[in-house]
Amino acid sequence: MNRMPSKPAESTFCQIMKPIYYVSKLAGLWPQSFTRSTPGVTVLDIVYVMAVYSAFGYCIIVNSSVKLWDYYMNPFESNILRYGLQTHLVNGLYLGVIIITTNIIQYKKKWEYMYLMESVTQVVEQEFHVKSPVRVVQFFITTVIAAQNIYLLGILLGYYILIERTLNITTTYLYASYYLMNLSTLALMNEYTYFVVHIRRLMTVVNRLLKQLLLNDADSSDLILLDRGRKAKTPTIAYDEIFTVYGQAKKDFGSVGSDAKTPKSPKITMVAPTSAGFNKFSSTTVLSTYVTKLKIDSQSSMESILKTLNRLSTLHFHLCDAIRLVNRISSLQLMLLFGAMFVFLVFGLFTIYKAFNSGTWAFKIMAIANGTWIGFYILVMLTVITATTNAQATGREAGDIIHQIVRKHQNHFSNDVIERLSTMSLQIKMRDMSFSCGLFKFDWQLFSSILSACAMYLVFLIQFDVTPPVGFTSPNITAMLDASNILSDDL
């Protein structure tokens with residue numbers, strides 16, 4: 001895994017990622033070639049990226065115009081709402097430029113991550129007999145990307161119907177700016193989410209392979225995934241019966257020790273998934289991997305167990321390195337993206353408040369439009385945070401499995417195996433598996449902090465909106481002015 005071949009074979013990781021790669025390249029996030037083995041950056045790639053930069057620059061100049069936004073927000077008569085929406089859109093366009101620029105700068109890190117994950121995936125598939133439903137996952141990712149773009153276009157169509165047709169406001173540049181801004185956002189989210197989800201998939205494989213060391217408990221674990229929707233009509237064979245149906249003597253695992261004789265040819269049982277379950281489009285199939293052979297069983301020697309533990313420890317170490325690379329590649333863009341979404345959530349909720357408070361149709365239409373964006377950005381946050389927290393929890397789960405193995409078989413395994421398990425447990429405990437940008441972690445605590453901060457700043461905006469500005473003549477202010485004039489005359 002340390003030596004880089006000139007042209008490595010394409011693994012399932014690269015095959016599944018092809019739809020995400022095409023979307024990222026369309027958004028300008030991936031100007032370089034897919035992997036390091038293919039040609040790097042071509043002239044056409046440079047020309048296309050410059051065209052994307054030009055489109056972003058034109059939209060930034062247009063939306064920075066004060067007169068244009070005065071025209072947009074004239075029916076609403078709210079400076080707070082005007083500045084909030086303009087800031088959200090202009091900052092989002094600047095963020096798109098930063099996302100593209102950062103990905104161009106980090107292109108070597110992307111290649112390093114791609115090579116690392118491709119190598120780990122190939123080792124897992126070839127050495128540990130793991131199989132992934134490539135076509136099913138590809139179809140799922142393509143469906144998600146299509147649904148995202150349909151939802152985005154639906155929001156823009158709703159903007160056109162609600163604002164241009166109802167309020168008679170021409171907002172041509174607004175549609176193009178919003179689509180361009182959110183196209184880069186969706187590309188970043190899809191790319192980051194797949195990076196994290198694939199790390200979690202490989203962490204899950206490591207955990208399932210570790211559970212094989214529980215041996216007679218493996219029949220009740222989720223080590224081998226079959227078609228869960230299929231009725232169990234065919235007879236199954238338990239682990240302790242595998243080596244008796246062929247007339248061989250059943251071996252008691254309690255007699256396995258450091259002095260146990262190594263079998264000449266340890267029997268590996270194949271439990272392949274059914275084709276119907278493997279190719280079935282479902283959440284279980286998309287998020288799961290299939291182990292088709294047992295690497296460790298009750299007939300395995302201490303030498304083979306120790307060798308498997310060393311390989312699993314190396315795989316877990318490289319997966320932690322993959323987390324570090326993901327943080328290096330995307331943490332800055334994701335931090336700024338969460339900040340931009342937070343700003344819009346505050347002003348979007350303020351629009352909904354104004355709709356209920358004023359009762360005018362203009363605010364109600366704007367509240368409906370911003371409500372769709374709020375749902376869109378909350379979905380982006382939930383997707384990223386769910387992926388990162390599940391990946392981190394799966395990586396930490398390996399330590400619990402190792403402790404179960406030690407407690408169960410500490411009197412049966414050799415001293416070398418127990419020592420290796422203890423070292424691996426310490427390695428898992430000491431490695432940082434969090435997805436963060438350095439300032440905060442992308443977890444549920446961040447989501448709760450965003451919600452509480454939105455509530456606090458929304459209260460501030462409501463207070464500023466309720467407080468009458470200078471020159472506003474209400475009965476109370478008029479009475480106070482009259483009283484002050486009378487006092488001044490008396491003096």
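Me: Which residues does glutamine 148 touch, not counting those up to four places away in sequence?
Reply: Glutamine 148 touches Leu186, Met189 and Asn190. A contact here means heavy atoms within 4.5 Å. Keep in mind that this is a predicted model, where local features need pLDDT of at least 70 and side-chain atom pairs count only at pLDDT 80 or more, while totals for chains, interfaces and linings use all residues. Residues are numbered from 1 along each chain as its sequence is written, and side-chain values use heavy atoms, with hydrogens and water left out.

Me: Where does glutamine 148 lie? And is it buried or exposed?
Reply: Glutamine 148 lies in helix H6, residues 134-167. Its relative accessibility is 13%, so it counts as buried. Buried means under 20% relative accessible area, exposed means over 50%, and partly exposed is in between (1.4 Å probe, protein chains only). Helices (H or I, at least four residues) and strands (E, at least two) are DSSP runs, numbered from the N terminus.

Me: How many residues of H7 are buried?
Reply: In H7, 33 of the 40 residues are buried, so the helix is largely enclosed by the rest of the structure. H7 covers residues 172-211 and reaches 58 Å from its first C-alpha to its last, close to the 58 Å expected at 1.5 Å a residue. That expected span is 1.5 Å times one less than the number of residues.

Me: New topic! How many salt bridges does the structure hold?
Reply: It holds six. A salt bridge is a side-chain nitrogen of Lys or Arg within 4 Å of a carboxyl oxygen of Asp or Glu.

Me: What does lysine 110 form a salt bridge with?
Reply: Its partner is glutamate 191, with the closest N and O atoms 2.8 Å apart. Lysine 110 lies in helix H5 and glutamate 191 in helix H7, so the pair ties together parts that are 81 residues apart in sequence. Both lysine 110 and glutamate 191 are buried.

Me: What about arginine 311, which residue is its salt bridge partner?
Reply: Arginine 311 pairs with glutamate 127, the closest N and O atoms being 3.1 Å apart. Arginine 311 is in helix H10 and glutamate 127 in helix H5, so this pair ties together parts that are 184 residues apart in sequence. There is also a network: salt bridges that share partners join Asp321, Arg324 and Arg431.

Me: And lysine 109 with glutamate 112, how many residues apart are they?
Reply: They are three residues apart in helix H5 (residues 107-127), about one turn of the helix. An α-helix has 3.6 residues a turn, so residues three or four places apart point the same way.

Me: Which residues does isoleucine 329 touch, leaving out those up to four places away in sequence?
Reply: Isoleucine 329 touches Thr102, Gln106, Lys109, Lys110 and Tyr113. Isoleucine 329 is in helix H10, residues 302-358. At 1% relative accessibility, isoleucine 329 counts as buried. The C-alpha atoms of isoleucine 329 and tyrosine 192 are separated by 9.1 Å, although these residues are 137 apart along the chain.

Me: Last one: how many helices and strands are there in the chain?
Reply: The chain has 14 helices and two strands. Of its 491 residues, 49% are buried.
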